[in-house]
Amino acid sequence: MLKIGSHVSMSGGLLGAAQEAFSYGANTFMIYTGAPQNTRRSPITKLKITEGQEFMAAHDISDIVVHAPYIINLAATKEDTYTLAKEFLKLELDRTKAIGSNYLVVHPGAYTSSSLNEGITKIIEAINFVLDISGQSSPIIVLETMSGKGTEIGKNFYEIKRIIDGITIKNNIGVCLDTCHLHDGGYDIVDNFENVLEEFDKTIGVDYIKVMHINGSINIRGARKDRHANLGADKDNPRGEDKIGLEAIKRIVNMPIFNNIPMILETPWLDKKTNLYKKEIALLRGN
């Protein structure tokens, strides 16, 4: 089954998020449990979780995804920033479980003024710290592939592998493949995605793929800039500048190996009058 959805708002709690996703024709979706730029969070009791789960069950929506906030930097050099990252990751993992999601997508982190090796070591220590507390019943921490801006870690499969190799509870770690990030990081997903997937399998193993982020890119391959684009350009999407192309994205989305893996659109929202998520989901479904 093709599981396709988009990022949706949690302003109306889980019920509002599920209703928004359903209006787009989605059968999955992704949320932040609060603003991605800060630590302010509404109590779980106010998130209309039971109502949202009932709505999802009635409308065949499942395998929803939570994205951790951007402020979590598991490779942080400053000790107070690093401590906050670990503690907030634990909080977000607890909230992910309470919401009923199996997946918490996390940007691995940036080592800023230290080194790649030190950054990877700190990421491993932080994730093991959280999983040791949460145990095997916790949701899966899903490491997102990154485009390679600055000192970002996770710009290639080898860096992701090094992190996974250091995790003690392997059943609670996974990978999110982001098409924009892969492209901007230098992988040829337009003409040779099969080879990219083969390299991933040899390096990490395809069983670790738990989530997909489906995005176009305004950049040429290898630009390392992480600028998402909508899927193709037409009269309803005049800013469309996608260098990946709709046909390449369709081929990726419809590969049998990705059946039943949540695929999440994070493409730009142009304005309130243009419902591109609904349109892009229909395009990927072939409607």
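Q: What makes a pair of cysteines a disulfide, and how many disulfides does the search of the whole structure find?
A: A disulfide is a pair of cysteine sulfur atoms within 2.5 Å. The search of the whole structure finds zero disulfides. This is a predicted model, in which local features need pLDDT of at least 70 and side-chain atom pairs count only at pLDDT 80 or more, while totals for chains, interfaces and linings use all residues. Residues are numbered from 1 along each chain as its sequence is written, and side-chain values use heavy atoms, with hydrogens and water left out.

Q: Why are Cys176 and Cys180 called buried?
A: Buried means under 20% relative accessible area, exposed means over 50%, and partly exposed lies in between (1.4 Å probe, protein chains only). Cys176 has 0% relative accessibility and therefore counts as buried. Cys180 also stands at 0%, so the term buried applies to Cys180.

Q: How do you know that Asp178 has no salt bridge?
A: A salt bridge is a side-chain nitrogen of Lys or Arg within 4 Å of a carboxyl oxygen of Asp or Glu. Lys and Arg count as positive and Asp and Glu as negative, whereas His and the chain ends are not counted. Asp178 is buried, and the nearest side chain of opposite charge, Lys149, is 10 Å away.

Q: What makes the pairing of Asp178 and Asn215 a polar contact?
A: A polar contact is a pair of N or O atoms within 3.5 Å; within protein, one must be able to donate a hydrogen and the other to accept it, and residues adjacent in sequence count only if both atoms are side-chain atoms. The side chains of Asp178 and Asn215 are joined by such a contact at 3.3 Å. A polar atom of the Asp178 side chain also lies 3.0 Å from the backbone nitrogen of His181.

Q: Which residues of helix H7 are buried, and why are they said to line one face?
A: In H7 (residues 193-203), the buried residues are Phe193, Val196, Leu197 and Phe200. Seen down the axis of H7, they fall within an arc of 95 degrees, so they line one face of the helix. The arc is that of the directions from the helix axis to the C-beta atoms. Helices (H or I, at least four residues) and strands (E, at least two) are DSSP runs, numbered from the N terminus.

Q: What covers the buried residues of H7?
A: The cover includes H5, strand E6 (173-178), helix H6 (179-184), strand E7 (209-214) and helix H8 (246-253).

Q: Why is Arg162 called partly exposed, and what does Arg162 touch?
A: Arg162 has 25% relative accessibility and therefore counts as partly exposed. Arg162 belongs to helix H5 (residues 157-166). Leaving aside residues up to four places away in sequence, Arg162 is in contact (heavy atoms within 4.5 Å) with Leu116, Asn117, Ile120 and Ile124.

Q: Why is Asp60 called exposed, whereas Arg224 is called partly exposed?
A: Asp60 has a relative accessible area of 64% and is therefore exposed. Arg224 stands at 40% relative accessibility, so it counts as partly exposed. The phi of Asp60 is near 55 degrees, a positive value in a residue other than glycine. Arg224, not a glycine either, has a positive phi of about 55 degrees.
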